[in-house]
Amino acid sequence: MNRASAQAQIHGWLLLLPAAALLALFTHYPALATLWHSFYSSPKGGRPALWVGLDNYRGMVEDPVFWQVLGNNLWFAAGTIPVSIALALLMAVWVNGKIAGRGFLRLAYFTPTVLPMIAVANIWLFFYTPTYGLLEQFTVDLLGLPSHNWLGTKSTVLACLIVVTIWKEAGFFMIFYLAALQAIPPSLGEAAAIEGAGRWYYFRRVTFPLLMPTTLFVLVNAVINSFRLVDHIVVMTRGGPDNASSLLLYYIYDVGFKFWDSAYASTLTMVLLAILGTTALLQFGFLERRIHYR
Amino acid sequence: MIDTSLKRLAALAAAALVALPAWAQEISFYYPVAVGGPITKIIDGLAADFEKENPGIKVKPIYSGTYQESIVKALTAHKSGEPPVVSVLLSTDMFTLIDEDAIAPWDTVATGADDQQWIKSFYPAFMQNSQTGGKTWGIPFQRSTVVLYWNKEAFKEAGLDPNRAPASWKEMVDYAQKLTKRDASGKVSQWGVQVPSSGFPYWLFQGFTTQNNVQLMNTSGDTTFYDNPAVIEALQFWVDLSGKHKVMPPGIIEWGTTPKDFFERKIAMMWTTTGNLTNVKANAKFDFGVAMLPAGKRRGTPTGGGNFYLFKKSTPQQQAAALKFVKWVTTPKRAAEWGIATGYVAVRPDAWDTPEMKKYVEGFPAAAVARDQLQYAVAELSTHDNQRVTKALNDGLQAALTGGKSPEAAMKESQREAERLLRSYRRK
């Protein structure tokens, strides 16, 4: 290696250093420390932390609440990810067309993203209120259906939270799709029109494949969000009734900051990290190969 | 030349350090409220008044959000070595704070001649959640109880005496049946009674259990009695209100929207905290009444709310200053002013004898209901590993109220979980 290239190497590393140091300090070190803590008991008052090996993991496997919140979280992900992405794409295609009031429509779709989750959760709380809430005014007063306690019943509470999340997220994803749509050269559409391709055929064979990089990005974000968004649970249900709406991260908060069982919270965090790490690997390793980048 | 001027500068700095005013005695004070709003102003005013009267001490209020956020902040600060000197936190977190070795009993600093008298000056009902093992760990400050609010107009419509609240369980069910408005198709436009069950159902449940003459835990906080037959019976009564008598909406009832349900006339009676008094007074567009909870075998309610705690890691001087501040803030006159301004129950009997309080109660008799109910009040559920043991009960209650489990099966399961958690605390 000659001198100039060594210098370039050093230069490159120096440029990376600030970001790498911050990442190591605030992401990698905490992740490793969490792994380490998950092998110890929680220190309490005078009692220091003791090495307990895999005890915390054994306790987790035997914890019915853990399995319940994990199941809830998978349903939550299955409910929010496909619908919010499909909806985002649909909205983006629509507001990308030449229609009257387009700017206003785009703004309207994007508004839920701008509002703080805590505030909108408080509003949705009243939407779902039995008898006089917005939803009940529609289902009971207009359709004549019997009144239902939407957030207070185990079978419907999770679906209610899924709807709030989709409403909140779709507009955000729409922005990415909109940007991607506008980057597609109009000449492709013109060429397709000359060839006699229909709109659906054009969307399926040209637009959608060209949007795949965006879809991957949105998908990664949607997966992360489905494990990360818990603000509305704090406001609307606090995990109830009987843990029916508790998600993994909310349970971690409960265990860590209400029960002060930091060791068990670390154990649960490792599960969350493992889930997110695996999905990220799958997404990048598997899907990326099938994506066409221009 | 430079050398001497540097020396002079150093000397000046040293002099400034020595000359720091004697009021370097600063006590940081975590208070559970978000920054801004009327309560913040009252607290700031109290701190300023105290500093004026005690020039040696500086009180620094730190607004720390909800109760839950406050204990998270206080305990995290404790673990990092710089906790507040005093903090208002939930009275039920006493065992948690003791187990974390975060707080010191007030008796360690309150050694003066009149100090024992001062500790005895509070309502005994409030001290139940403030003392354990013969020591006083909390000083009552903003405390509440559960009361029943009723809509007098709805009572009149249903042919009931608008000035009389139900006094017993049976009466409450009878009244509620008359107050529930149901059309031919079975659609309900007004429910008779509502007891919220979201978030912290155990607190309202303690109303039912106390009235059924049974305790949920022992005073040392290491044993619970969730599966006692009388507890199961109390839960059965709660479940029956919507299941059998059909006078309460089914499912889990949201705590936060319950006052709104009352204002919207969707419910004729509600159980909620005395802390909602000011809210109801401002927002109910009809004549309303406030009463003690109805009696089962006896009357009863849990207490609730926040106590002053003294943090262990502060210096003896800071602790002495904190004692001075807390004593100052809980004098009868100030306890009365605080109660009037916020709607919390003034924490000592002699506060109710002050002219200000007498005048207030005369104009608004509902304010005195909470005080009169205190003689029947018991300690709010509080144990070691408190929030987890409480959650075991909450989950069981919600499972029974949503029909997932029978009251008996639900309470047996809650008790089993509580036993598992508390076993280690009984080995001493």
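Let us start with how chain B holds together: residues 24 or more positions apart account for 74% of its contacts with a separation of 6 or more. Keep in mind as you look around that this is a predicted model.

Staying with chain B, its secondary structure consists of 18 helices and 13 strands. The chain is divided into two domains, and each is built from two stretches of sequence: domain 1 takes 21-143 + 305-364, while domain 2 takes 145-303 + 379-426. Where the two meet, the contact draws on 18 residues from domain 1 of chain B and 19 residues from domain 2 of chain B. Taken over C-alpha atoms, the centres of these domains lie 30 Å apart.

What about the overall dimensions of chain B? Its C-alpha trace spans about 100 × 50 × 45 Å along the principal axes. The radius of gyration is 24 Å, which agrees with a compact globule of 428 residues, because such a globule would have a value near 22 Å. Of those 428 residues, 58% count as buried. The accessible surface of chain B comes to about 17600 Å², and carbon and sulfur atoms contribute 56% of that area. As for charge, chain B carries 49 positive and 42 negative charges, and their mean positions are 1 Å apart.

Now turn to chain A. In its contacts between residues at least 6 apart in sequence, 68% join residues at least 24 apart.

How does the radius of gyration of chain A stand beside that of a compact globule of 294 residues? The globule would have a value near 19 Å, but chain A has 24 Å. Along the principal axes, the C-alpha atoms of chain A fill a box of roughly 80 × 75 × 30 Å.

Buried residues make up 42% of its 294 residues. The accessible surface comes to about 16100 Å², with 72% belonging to carbon and sulfur atoms. Finally, chain A has 18 positive and 13 negative charges, whose mean positions are 11 Å apart.

Technical notes:
Residues numbered from 1 in each chain as written. Chains lettered and ligands numbered in written order. Predicted model: local features only at pLDDT ≥ 70, side-chain atom pairs only at ≥ 80, totals over all residues. Heavy atoms only, no water. Rg over C-alpha atoms; globule rule 2.2 N^0.38 Å. Buried < 20%, exposed > 50% of the residue type's maximum accessible area, 1.4 Å probe, protein only. Contact = heavy atoms within 4.5 Å. Areas by Shrake-Rupley, 256 points an atom, 1.4 Å probe, with all protein chains shown as cover. Lys, Arg positive; Asp, Glu negative; His and termini not counted. Charge placed at Lys NZ, Arg CZ, Asp CG, Glu CD. Domains from an automatic or database assignment. Helix = DSSP H or I, 4+ residues; strand = E, 2+ residues; numbered from the N terminus.
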